[in-house]
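I opened this model to look up its fold, its ring pairs and its ligand contacts. My entries are below, in the order I made them.

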Amino acid sequence: MIGVLRLGHRVERDKRITTHVFLTARAFGADFGVFTGDRDNNIIESLAETVRRWGGSFKVEYSESHVKTINEFKSKGFKIVHLTMYGLPVKAKIRELKSFKDILLIVGGAKVPREVYTLSDYNISVGSQPHSEVAALSIFLHEYYEGRELEISFPNARLVVEPQERGKKVLKRF
Ligand code: SAM
């Protein structure tokens, strides 16, 4: 199982980016999401609606405490992998990380609390330049799944895209 913990959501400023973190997580092979910061049911609803239409079983939950969530997943045997520009290069560590089936990936928001660096089993960078949580997550999952994430399909999908050279074709299953 791969989960994504998104830290420090702000209801006004981060609505789109937090949704994009979880849409990306779902599309590229993660199983669930958790966010801290402002409680925001729109995020949970928006992902639930995507799952209803496009399939899968991705679920998002709110957590009041990142420390509690990290410790909970640690005690379930998950490895905690924090994506940060200050960490060790993904290319250097991905072989080791691929040996773990259960991973909680952490991506930050505006400010990442200090203890996240020490509570995490791994601090991993996707390049050492500042960019975005969506980019970091995408590239990490691409390295982890070696490209297989691009072929994911969801068996219970109501809507399925039939790829076209031009235009849009969407099959409605039921
Ligand atoms: N100054 C912030 C910090 O404390 O790192 C950067 C905030 S950045 C907009 C939001 C998140 O994107 C970071 O917390 C991290 O999870 C991810 N991120 C940005 N650049 C990254 C990189 N080069 N490697 C890995 N993750 C990155």
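The entries go from the whole chain to single residues.

**Ground rules.** I am working with a predicted model, where local features need pLDDT of at least 70, side-chain atom pairs count only at pLDDT 80 or more, and totals for chains, interfaces and linings use all residues. Residues are numbered from 1 along each chain as its sequence is written, and side-chain values use heavy atoms, with hydrogens and water left out.

**Overall fold.** I looked up the secondary structure and found six helices and eight strands in the chain. Helices (H or I, at least four residues) and strands (E, at least two) are DSSP runs, numbered from the N terminus. From the N terminus on, I read the order as β-α-β-α-β-α-β-α-β-α-β-α-β-β.

I then checked the dimensions. The C-alpha trace spans about 45 × 35 × 30 Å along its principal axes. For 174 residues a compact globule would have a radius of gyration near 16 Å, and the chain agrees with its 16 Å. That radius is taken over C-alpha atoms, and the globule rule is 2.2 Å times the number of residues to the power 0.38. Of the 174 residues, 43% are buried; buried means under 20% relative accessible area, exposed over 50%, and partly exposed in between (1.4 Å probe, protein chains only).

**Aromatic pairs.** I found nine aromatic pairs in the structure. Rings of Phe, Tyr and Trp (its six-membered ring) pair if their centres lie within 6.5 Å; planes under 30 degrees apart count as stacked, over 60 as edge-to-face and the rest as tilted. Phe32 and Phe73 are a stacked pair, at 5.3 Å centre to centre with 15° between the planes. This pair links distant parts of the chain, as Phe32 is in strand E2 (residues 32–37) and Phe73 in helix H3 (residues 66–75), 41 residues apart. Both Phe32 and Phe73 are buried.

Why is the pair of Phe100 and Tyr122 called tilted? Their ring centres are 6.1 Å apart and their planes are at 50°, so the pair is tilted. Phe100 lies in the loop between helix H4 (90–97) and strand E5 (103–107), and Tyr122 in strand E6 (residues 122–125), 22 residues apart. I also noted a cluster in which ring pairs link Phe22, Phe35, Phe58 and Tyr62.

**Charges over rings.** The test is NZ of Lys or CZ of Arg within 6 Å of the ring centre and within 35 degrees of the ring normal. Lys79 lies over the face of Phe100, 5.2 Å from the ring centre. The charged end of Arg26 sits over the ring of Phe154, 4.2 Å from its centre.

**Ligand.** I count a residue as near if one of its heavy atoms lies within 4 Å of the molecule. There are 18 residues around the ligand, and Leu83, Gly108, Val126, Gly127 and Gln129 come nearest. A backbone N or O atom of Gly108 lies 3.0 Å from a ligand oxygen atom, and one of Glu133 lies 3.1 Å from a ligand oxygen atom. His131 places a polar side-chain atom 3.1 Å from a ligand nitrogen atom.

**Two single residues.** Glu146 is not a glycine, yet it has a positive phi of about 55°. I placed Glu146 in the loop between helix H6 (133–145) and strand E7 (159–161). Glu146 is exposed, with a relative accessible area of 54%.

His82 lies in strand E4 (residues 79–89). His82 counts as buried at 1% relative accessibility. The side chains of His82 and Asn123 are joined by a polar contact of 2.8 Å (a pair of N or O atoms within 3.5 Å; within protein, one must be able to donate a hydrogen and the other to accept it, and residues adjacent in sequence count only if both atoms are side-chain atoms).
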